[in-house]
Amino acid sequence: MSDRRIKKVVIAGGGTAGWVAAAALVKHLGPLIEVTLVESDDIGTVGVGESTIPTARTFHELLGIYEQAFMRATNATFKLGISFENWGRIGDRYLHPFGSVGRAVWMGEFQHFWLQAREEGIAEPYGAYSLEHQAAMQGRFATGGEPALSHAYHLDATAYARFLRSLAEPAGVRRIEGRIDHVVLDPENGFIAALHLANGDRVEGDLFIDCTGFRALLIGAAMGVGFRDWGQWLATDRALAVQTESVGPPVPYTRAIAHEAGWRWRIPLQSRVGNGLVYASAFMSDDEARARLLADIEGRPLFEPRPIRYATGMRAEPWARNCIALGLAAGFIEPLESTSIHLIQIAVTRLIQLFPFDGISDAVVGRFNAQATREWEHVRDFIIMHYKLTERDDTAFWRRCRDMPIPPSLAERIALFRESAQLGLGGEALFRVDSWVSVMLGQRLEPAHWHQLARLLEPGALRQALGDIRRAIDARLATLPAQERFIAGYCPAAPPSAAPARGTVRISVCGRA
């Protein structure tokens, strides 16, 4: 496509996507490239997602970020899973925990042992064999120890971007304040040549990263890359977000509570709570959504609910010519399983691995796009499953979800589990077997058959094995304090009025501070 050497990287837009990209690129490729980020203080960020999955910890390790400094700066709490309420039927509740459930062997995963034990009347609920599930329900948490808890974070997304900026700029990222007026394309090859700012400045580069949110000023508006709309499977298209005062200790899990036309989230931080209502505008008006959100929240709202409109789907080509879309410019899958920040981080990681120093090639672009498509479609299927596997018929919205056709990839996986309790996941799948099983069982999908490996055990051995798992979990729980007490000693956030600390952590650039 182009043999022009790539030296100057220009990131259009800040927010979480922009500063994740800037911090990662300067950390790992700093001596080899120049990184410039263009953003305007006049343009706000969406910032609805205040929740992550455990992969965020691995990404932070790659950047040399200390957990305690990050959590203090972002008002963060710990997250061990997601509580789903009213999804299968009204009144149902189950937890999708992080980490493993029970113990697996090469012949089959834990669900086969559990299903056999349940048939014999000796099994406790599936979540009883998950340390993270039990710790979440008891509000307990601590880092370290054996086994360690698989955890993620609830965080202030705006503070997170600010924290990453405080690391990236001292490490060499150049920030330009300004609003992008238009994108300048090379008339010969359609590549982006420069960003023209409203003040008349021109920012040239070799590779451009579009972090301009839903506007997608580079990849969409300027380059015309299409959008794959998944609205036929995920009908929600609007959200309202509001923060409230805390009314109790933060729990170490996110709540996803289904309502008549979607669901609402509750994400506890150290000093406040993030709340939101996701809904389908075809089934609920904006006024009804606002009234529903304000009626259901706990604590005093800190501002008026903020409306967000979106389309669910992904960019047909996240990388087109010399432009790569990240974050909302690349697409959006509603925040039900907290994957938005992960999809940014994994895309930046892949870019670093495939970075086109000597020029952009079709092969590299094709590889990047193929991997991104597989990841996005896997997440898409996992989210659709929550809606499809409902038994609710109390509203037109839930009847639509229950009866809708679904992607063949998901239909095959559901059929496989229903018939054999198998999942057939590939090695690159983000959500592993334990996650799929927790949600499928939680939403009342019952396998007709399962592997009979448990019947190979000696009489009483299955009962003993399950009892050993439970006893080990109980012993570990006894060592865990309440999350609130642990946070108070480990990573208390600064008072809300305090200025954010800068330079708390330095990013070393290939050994150079």
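Me: Helices (H or I, at least four residues) and strands (E, at least two) are DSSP runs, numbered from the N terminus; in the loop between which strand and which helix does Phe-214 lie?

Reply: Phe-214 belongs to the loop between strand S11 (207-210) and helix H7 (217-222). This is a predicted model, in which local features need pLDDT of at least 70 and side-chain atom pairs count only at pLDDT 80 or more, while totals for chains, interfaces and linings use all residues. Residues are numbered from 1 along each chain as its sequence is written, and side-chain values use heavy atoms, with hydrogens and water left out.

Me: Does Phe-214 count as buried, exposed or partly exposed, and what does each word mean?

Reply: Buried means under 20% relative accessible area, exposed means over 50%, and partly exposed is what lies in between, with a 1.4 Å probe and protein chains only. Phe-214 counts as partly exposed because its relative accessibility is 33%. In space, C-alpha to C-alpha, Phe-214 is 9.0 Å from Ala-311, although the two are 97 residues apart in sequence.

Me: How do I read a helix, and which residues of H12 are buried?

Reply: An α-helix has 3.6 residues a turn, so residues three or four places apart point the same way. The buried residues of H12 are Leu-410, Arg-413, Ile-414 and Phe-417. They cover an arc of only 95° around the axis, taken from the directions from the helix axis to the C-beta atoms, and therefore lie on the same side of H12. On the other side of H12, Pro-408 and Glu-412 are exposed.

Me: What covers the buried residues of H12?

Reply: Contact here means heavy atoms within 4.5 Å, and the cover includes helix H10 (362-388) and helix H13 (433-442). H13 is itself largely enclosed by the rest of the structure, because 10 of its 10 residues are buried, among them Trp-436 and Met-440. These buried residues of H13 pack against S5, helix H4 (110-119), H10 and H12.

Me: How is a pocket found, and what is the volume of the second largest pocket?

Reply: On a 1 Å grid over the protein atoms alone, a pocket is an open set of points with protein on both sides within 12 Å along at least five of seven lines, and lining residues have an atom within 4 Å of a point. The volume, the space filled by probe spheres set on the points, which are joined across faces, edges and corners, is about 530 Å³ for the second largest pocket. Of its 25 lining residues, the closest to the centre are Arg-374, Glu-375, Glu-428, Ala-429 and Leu-430. H9, H10 and H12 are the elements that give two or more residues to this lining, and H10 gives the most, with nine residues.

Technical notes: 1 Å grid on protein atoms, 1.4 Å probe; cavity = no way out; pocket = protein on both sides within 12 Å on 5 of 7 lines; lining within 4 Å.
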